[in-house]
Amino acid sequence: MSVDFAQSETKKNLLRAFAGESQAKNRYTFSAGFAKKQGLPCIQMVFLFTASQEEAHAKAFYDHLKPFAGENIAIDGAYPIDLYTTVAEHLRSAQHNEYQEYEHDYTAFAHTAKEEGFPEISHLFSQIARIEQIHGDRFGQFADLIEQGKLFISDMSCQWMCLNCGYVVTAQRPPEQCPVCKHEQGYFVRMEMVPWQMKK
């Protein structure tokens, strides 16, 4: 069926998604600050890296609302309050929220957009849903490491990078202090978890 965009549920879903992504960006920025205070700049950077991508998602959804410039659109929605006392809890909550968008929200929004006759918007929801799955996987991986006491220790020797200066060391655990920039161990991350890591 084909539905008038102005009367569509897809229009409201775009604004719901924009609101959700905007709030996610802020929540992850707050979580990043919390992680830094806990001496975990590596987790801070994971949250900030993801927050930047959530901002990009928000813009992609918002741009589709251009025909309604100057209007107010009323929507309903439920959004999480993620105020926790440990970094692992922040990561697990973020993982849950990302999977919620991937498995439920955006998948349903994509289906609705397709049914209402908006294939481009449907495709956008599906694409971003897959990205949210990646976000959830990443948050979960770091949560696993923290909960297992393995954020800074490996079962076997591996490469670690200081996210401040780029120093790389091969060891079971990174040094307590980077020998190059003198930043604390909290800046180190396994090489395979570094963004833009080149494949050999």
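Reader: What share of the 200 residues of the chain counts as buried?

Author: In this predicted model, 44% of the 200 residues count as buried. The C-alpha atoms fill a box of roughly 60 × 35 × 30 Å along the principal axes.

Reader: How many helices and strands are in the chain, and in what pattern along the sequence?

Author: The chain has four helices and three strands. Along the sequence they read α-α-α-α-β-β-β. Look at contact range too. Take contacts between residues at least 6 apart in sequence: 68% of them join residues at least 24 apart.

Reader: Now the helices. How are two packed helices described?

Author: By two values: the angle between their axes and the distance between the axes. Start with helix α1 (residues 9–37) and helix α3 (residues 87–116). Their axes come within 11 Å and cross at roughly 165°.

Reader: Which residues in α1 and α3 meet?

Author: On the α1 side they include Glu9, Arg16, Arg27, Tyr28 and Phe34. On the α3 side, His90, Asn97, Glu101 and Phe109 are among them. By class, this contact has nine nonpolar, six polar and seven charged residues.

Reader: How do α3 and helix α4 (residues 119–147) cross?

Author: Apply the two values again. The axes of α3 and α4 come within 8 Å and cross at roughly 165°. These two helices are therefore roughly antiparallel to each other. α3 passes α4 in a left-handed crossing. By class, their contact has 18 nonpolar, seven polar and nine charged residues.

Reader: Let me go down to single residues. Where is Arg16, and is Arg16 buried or exposed?

Author: Arg16 sits in helix α1. Its relative accessible area is 16%, so Arg16 is buried; the cut-off is under 20%.

Reader: What does Arg16 touch, beyond residues up to four places away in sequence?

Author: Arg16 touches Glu9, Ile75, Asp76, Tyr79 and Phe109.

Reader: Take Asn97 next. Is Asn97 buried or exposed?

Author: Asn97 lies in helix α3. Asn97 counts as buried because its relative accessibility is 12%. Leave aside neighbours within four places in sequence, and Asn97 is in contact with Arg27, Pro80 and Asp82.

Reader: What separates the C-alpha atoms of Asn97 and Gly149?

Author: Read two values side by side here. Asn97 and Gly149 are 52 residues apart along the chain. Their C-alpha atoms are separated by 24 Å.

Reader: Last one, Thr50. Where is the place of Thr50?

Author: Thr50 is in helix α2 (residues 41–63). Its relative accessibility is 0%, so Thr50 counts as buried.

Reader: Which backbone oxygen does the side chain of Thr50 reach?

Author: The backbone oxygen of Val46, at 2.8 Å.

Reader: And which residues does Thr50 touch, not counting those up to four places away in sequence?

Author: Thr50 touches Tyr28, His135, Arg138 and Phe139.

Notes: Residues numbered from 1 in each chain as written. Predicted model: local features only at pLDDT ≥ 70, side-chain atom pairs only at ≥ 80, totals over all residues. Heavy atoms only, no water. Buried < 20%, exposed > 50% of the residue type's maximum accessible area, 1.4 Å probe, protein only. Polar contact = N/O pair within 3.5 Å; in protein donor to acceptor, adjacent residues only side chain to side chain. Contact = heavy atoms within 4.5 Å. Axes fitted to C-alpha atoms, helices over the stretch in contact; angles between N-to-C directions. Nonpolar A, V, L, I, M, F, W, Y, C, P; charged D, E, K, R; others polar. Parallel < 35°, antiparallel > 145°, perpendicular 65-115°, else oblique. Left-handed = near helix turned anticlockwise from the far one by under 90°.
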